[in-house]
Amino acid sequence: MIIQVTDLNQAGPDIFANLTERELRNAYEKQGGFFIAESPKVIERALNAGYEPISMLMEEKHITGDAAFLIQRCPNLPVYTAPRSVLEQLTGYKLTRGVLCALKRKEPDSLEQAIAGAHRVAILENIADASNVGAIFRSAAALGIDAVLITPQCADPLDNM
């Protein structure tokens, strides 16, 4: 369902413009909150991990380009689109990868679920910067770490998707 963004105040794509990561997490606490993933590869990984998409926002060229497979995978999902300059006005920044997806957060796995079958586990304790947490997660994936555990004082890893 492709929807052209014609008004920066129109309902729908406002989730990509008007809420900070903290507000996305807390504004919809009854439903567990949302997060925004950027780039087709990151969105695909989130979908493969079982996160439920809400809507996507992308440059027009990605509808038949880099994000076409995501649109085919989620045929009933609202896909908001506009030229790059309009998207930049809407989000307040230049989209590096040109594709965003709002996804519902899942309940975190229990400790037992997170480490079931894991041979190598990384534990992140009190890391306050979401960018650092994201970098550690990417490094852990590159090093073949099976699970990453974070303490409650750690920055949210989904803030850096």
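Which pattern does the chain follow, read along the sequence? The pattern is β-α-β-α-β-α-β-α-β-α-β-α-β. The chain has 6 helices and 7 strands; helices (H or I, at least four residues) and strands (E, at least two) are DSSP runs, numbered from the N terminus. This is a predicted model: local features need pLDDT of at least 70, side-chain atom pairs count only at pLDDT 80 or more, and totals for chains, interfaces and linings use all residues. Residues are numbered from 1 along each chain as its sequence is written, and side-chain values use heavy atoms, with hydrogens and water left out.

**Whole chain**

- Of the chain's 161 residues, 39% count as buried. Buried means under 20% relative accessible area, exposed over 50%, and partly exposed in between (1.4 Å probe, protein chains only).
- The chain exposes about 9,400 Å². Carbon and sulfur atoms supply 50% of that area. Accessible areas come from the Shrake-Rupley method with a 1.4 Å probe; for residues, only the protein chains shown count as cover.
- Take the contacts in the chain with a separation of 6 or more: residues 24 or more positions apart account for 72% of them. Contact means heavy atoms within 4.5 Å.

**The sheet**

- An open sheet of 5 strands has the order β1-β4-β3-β5-β2, with mixed pairing. Two strands pair if DSSP finds at least two bridges between them.
- The edge strands are β1 (2–4) and β2 (34–38), and each pairs on one side only.
- Neighbouring strands of this sheet are turned by 20° against each other on average, direction ignored. Axes are lines fitted to C-alpha atoms, for helices over the stretch in contact, and angles run from 0 to 180 degrees between N-to-C directions.
- Helix α2 (residues 40–48) lies across β2, β3 and β5. The helix runs at about 20° to β5.

**Strand β3**

- Of the 7 residues of β3, 6 are buried, so the strand is largely enclosed by the rest of the structure.
- β3 and β5 (residues 99–104) run antiparallel, joined by 5 bridges. Leucine 57 stands opposite leucine 100 in β5.
- β3 and β4 run parallel, joined by 4 bridges. Methionine 58 has threonine 81 in β4 as its bridge partner.
- From β3 the chain crosses through α3 to β4, and this β-α-β crossover is right-handed. Right-handed means that, with the strands pointing away from the viewer, the path from the first strand over the helix to the second runs clockwise.

**Threonine 81**

- Threonine 81 is found in strand β4 (residues 79–82). Threonine 81 counts as buried because its relative accessibility is 1%.
- A polar atom of the threonine 81 side chain lies 3.2 Å from the backbone nitrogen of glutamate 60.
- Not counting residues up to four places away in sequence, threonine 81 touches Ile2, Ile3, Gln4, Val5, Met58, Glu59, Glu60 and Ile63.

**Aspartate 66**

- Aspartate 66 lies in the loop between β3 (53–59) and α3 (68–73).
- With a relative accessible area of 51%, aspartate 66 is exposed.
- Aspartate 66 and proline 40 are 26 residues apart in sequence. In space they are 6.8 Å apart, C-alpha to C-alpha.

Definitions and conventions
Polar contact = N/O pair within 3.5 Å; in protein donor to acceptor, adjacent residues only side chain to side chain.
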